[in-house]
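Please walk me through this structure, beginning with the terms that are needed and then moving from the whole chain to single residues.

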Amino acid sequence: MTDPIADYLTRVRNAIMAKHKVVEIPASNLKKEMTKILFEKGYILSYKFEEDDKQGIIKIALKYHPISKVSAIKSLKRISKPGLRKYSDVDNLPRVLNGMGIAILSTSRGLMTEKEARKENVGGEVICYVY
């Protein structure tokens with residue numbers, strides 16, 4: 001697999017389109033941190049890290065509106081790709097939907113949203129947009 005982050009986003013996107021309640025994803029430290037950010041920002045219902053004899057599995061419970069059954073995640077978009085990395089300094093951090101969405105960044109201080117990066121005064125690689 002050449003791009004595990006794109007695979008992560010695609011699995012979540014496909015599960016949402018199929019109206020699944022839970023999606024299983026092969027684990028890595030970066031994917032675990034992305035899952036924690038999505039949970040903290042209210043885009044997913046819950047998550048669980050399970051260890052197996054290989055790399056482990058992340059089980060994500062997706063969040064839907066109780067009446068209209070619309071997902072909390074409208075769009076997941078990969079920005080920085082293996083063939084073309086996108087970096088942003090602190091002065092040019094992206095704003096997703098005028099602050100309604102989040103951009104997940106990989107910085108020297110770990111994974112964080114663009115709002116946290118502004119507070120910390122750091123830039124980094126723009127991994128994806130979520131809204």
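Two strands are said to pair if DSSP finds at least two bridges between them, and the strands themselves (E, at least two residues), like the helices (H or I, at least four residues), are DSSP runs numbered from the N terminus. This is a predicted model, in which local features need pLDDT of at least 70 and side-chain atom pairs count only at pLDDT 80 or more, while totals for chains, interfaces and linings use all residues. Residues are numbered from 1 along each chain as its sequence is written, and side-chain values use heavy atoms, with hydrogens and water left out.

The protein contains three helices and eight strands, and from the N terminus on its elements follow the order α-β-α-β-β-β-β-β-β-α-β. Its radius of gyration, taken over C-alpha atoms, is 15 Å, close to the 14 Å that the globule rule (2.2 Å times the number of residues to the power 0.38) gives for 131 residues, so the protein is as compact as a globular protein of that length. Along the principal axes, the C-alpha atoms fill a box of roughly 40 × 40 × 25 Å.

Of the 131 residues, 40% count as buried, where buried means under 20% relative accessible area, exposed means over 50%, and partly exposed lies in between (1.4 Å probe, protein chains only). The accessible surface of the protein comes to about 7,700 Å², and 52% of that surface belongs to carbon and sulfur atoms; such areas come from the Shrake-Rupley method with a 1.4 Å probe, and for residues only the protein chains shown count as cover. If contact is taken to mean heavy atoms within 4.5 Å, then residues 24 or more positions apart account for 60% of the contacts in the protein with a separation of 6 or more.

The strand pairs can be followed next. Strand β1 (residues 22-26) is joined to β3 by five bridges, and the two run antiparallel; within this pair, proline 26 has isoleucine 57 in β3 as its bridge partner. In a regular strand the side chains alternate between the two faces of the sheet. Strand β1 has a covered face with Val23 and Ile25, and an uncovered one with Val22, Glu24 and Pro26.

Strand β3 (residues 57-62) also pairs with strand β2 (residues 44-50), in the antiparallel sense and over six bridges, and here serine 46 has alanine 61 in β3 as its bridge partner. β2 and β3 form a hairpin with six residues between them, and glycine 56 in the turn has a positive phi of about 100 degrees. Glutamate 51 is placed in the loop between β2 and β3 and is exposed, with a relative accessible area of 61%. Not counting residues up to four places away in sequence, glutamate 51 touches Lys32 and Gly56. Glutamate 51 and serine 28 are 23 residues apart in sequence, and their C-alpha atoms are 11 Å apart in space.

Serine 106 stands opposite leucine 111 in β7, and β6 and β7 form a hairpin with two residues between them.

Threonine 35, found in helix α2 (residues 29-40), counts as buried because its relative accessibility is 0%, and it touches Tyr8, Ile44, Tyr47, Ile58 and Ile60, not counting residues up to four places away in sequence. Arginine 13 lies in helix α1 (residues 4-17) and counts as partly exposed, at 30% relative accessibility. Arginine 13 and serine 75 are 62 residues apart in sequence, while their C-alpha atoms are 7.7 Å apart in space.

What remains is a point about the backbone. Most residues other than glycine have a negative phi, and most peptide bonds are trans. Asparagine 98 counts as exposed, because its relative accessibility is 72%.
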